[in-house]
Amino acid sequence: PLILLITSLLMRDEKHNKMWRVLRWFLILILVLNLSRGYFLALLVGLLVLKYKHHWRKWLMESLAVILLIGALLSGVSLIASQGKTLGWEQFGIRFMSLTQPKIEVSAATRMMKLSAILNIIKQQPILGIGIGSTFTFYNGITYQQETTPHYDWGYLELWTELGLAGALIFVGLYIFAAYLLVKKIKNIPDWHDFDVGLLAGLIAFLVMNITIAALFHVFGIFFLIFTLSFAAKYIAIFDRTTQLLYRVFNKLKV
């Protein structure tokens, strides 16, 4: 989400502070070191959302910059880690091939093993759930053992299991409501859309990440939601002045 927010700010047609790009470089490096399918999918969807209210040329240039930087950092890190033997693209390929063939990759295969156990728990308490911080037991076909874990690896199913269907719908509804407020705000503000669109892309990214990762209920997800609601719910005039102040602090703007 922070990569998307910074990229949205960089799509504004003005002279930007170089530290924005340095910070984005480090954030993408973290993403590459993690190499999570859920994160990359969320980033790609978020980049599509950034087209909203941005000129297609600026959007295309900054989106390509993000993708090219991911490729360069992945190759660089892999070359260093393998002592020049590989660019690391085979790992990237295996990660995404496992979306349709989960048995070829350990984490994807383990996620599928957990699915039936999670669904059985949901059948027992579908409405109210079993409570936050729960664990469950599943049979691991790789280690041939019964394992107990708090890691569901299915974000929406984890919400349903712990909060129940009613609680999960209300919680997800808060993110959708925040996105609705942002879209409404963006349509009513004549300029300075970049910060708002970046927040919107970040919210959508969290909703995508939550498919396999418990992102919505993570501390960063909740913080991002509260931060977004605090901006989206402000009056337009106050919001406009706040956004301009942020630009003046972090960018080289003419006052």
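What follows is a set of questions and answers on this structure.

Student: Before we start, what kind of model is this, and how are its residues numbered?
Tutor: This is a predicted model, in which local features need pLDDT of at least 70, side-chain atom pairs count only at pLDDT 80 or more, and totals for chains, interfaces and linings use all residues. Side-chain values use heavy atoms, with hydrogens and water left out, and residues are numbered from 1 along each chain as its sequence is written.

Student: What pattern does the protein chain follow along the sequence?
Tutor: Helices (H or I, at least four residues) and strands (E, at least two) are DSSP runs, numbered from the N terminus. The protein chain has 10 helices and 2 strands. Read in order, they give α-α-α-α-α-α-β-β-α-α-α-α.

Student: What share of the protein chain's residues count as buried?
Tutor: Buried means under 20% relative accessible area, exposed over 50%, and partly exposed in between, with a 1.4 Å probe and protein chains only. By that rule, the buried part of the 255 residues is 44%.

Student: Among contacts between residues at least 6 apart in sequence, what share joins residues at least 24 apart?
Tutor: A contact means heavy atoms within 4.5 Å. For the protein chain, the share is 68%.

Student: Is Val 66 buried or exposed?
Tutor: Val 66 is found in helix 4. Leaving out residues up to four places away in sequence, Val 66 touches Thr 7, Arg 24, Ile 28, Leu 43 and Leu 47. Its relative accessible area is 1%, so Val 66 is buried.

Student: How far apart in space are Leu 31 and Ile 3, C-alpha to C-alpha?
Tutor: Leu 31 sits in helix 2 and is buried, with a relative accessible area of 10%. Beyond four places in sequence, the residues Leu 31 touches include Ile 3, Tyr 39 and Ile 70. Leu 31 and Ile 3 are 28 residues apart in sequence, and their C-alpha atoms are separated by 9.6 Å.

Student: What is the volume of the largest cavity?
Tutor: On a 1 Å grid over the protein atoms alone, a cavity is a set of points where a 1.4 Å probe fits but cannot get out, and lining residues have an atom within 4 Å of a point. A search of the whole structure finds 1 cavity of 30 Å³ or more. Residues lining the largest cavity include Glu 158, Asn 210 and Leu 216. The space in it is about 40 Å³.

Student: Which residues form the aromatic cluster linked by ring pairs?
Tutor: Rings of Phe, Tyr and Trp (its six-membered ring) pair if their centres lie within 6.5 Å. The structure holds 11 such aromatic pairs. Ring pairs link a cluster made of Phe 195, Phe 223, Phe 227 and Phe 231.

Student: Where is Tyr 144, and is it buried or exposed?
Tutor: Most residues other than glycine have a negative phi. Tyr 144, however, has a positive phi near 60°. Tyr 144 lies in the loop between strand 1 (136–140) and strand 2 (145–149). At 62% relative accessibility, Tyr 144 counts as exposed.

Student: What is the phi of Lys 53?
Tutor: Lys 53 is in the loop between helix 3 and helix 4, and is partly exposed, with a relative accessible area of 44%. Although Lys 53 is not a glycine, its phi is positive, at about 70°.

Student: Which residues does His 151 touch, not counting those up to four places away in sequence?
Tutor: His 151 lies in the loop between strand 2 and helix 7 and counts as exposed, at 53% relative accessibility. The residues His 151 touches are Lys 114 and Phe 136.

Technical notes. 1 Å grid on protein atoms, 1.4 Å probe; cavity = no way out; pocket = protein on both sides within 12 Å on 5 of 7 lines; lining within 4 Å. Points joined across faces, edges and corners; volume = space filled by probe spheres on them. Phe/Tyr/Trp six-rings, centres within 6.5 Å; stacked < 30°, edge-to-face > 60°.
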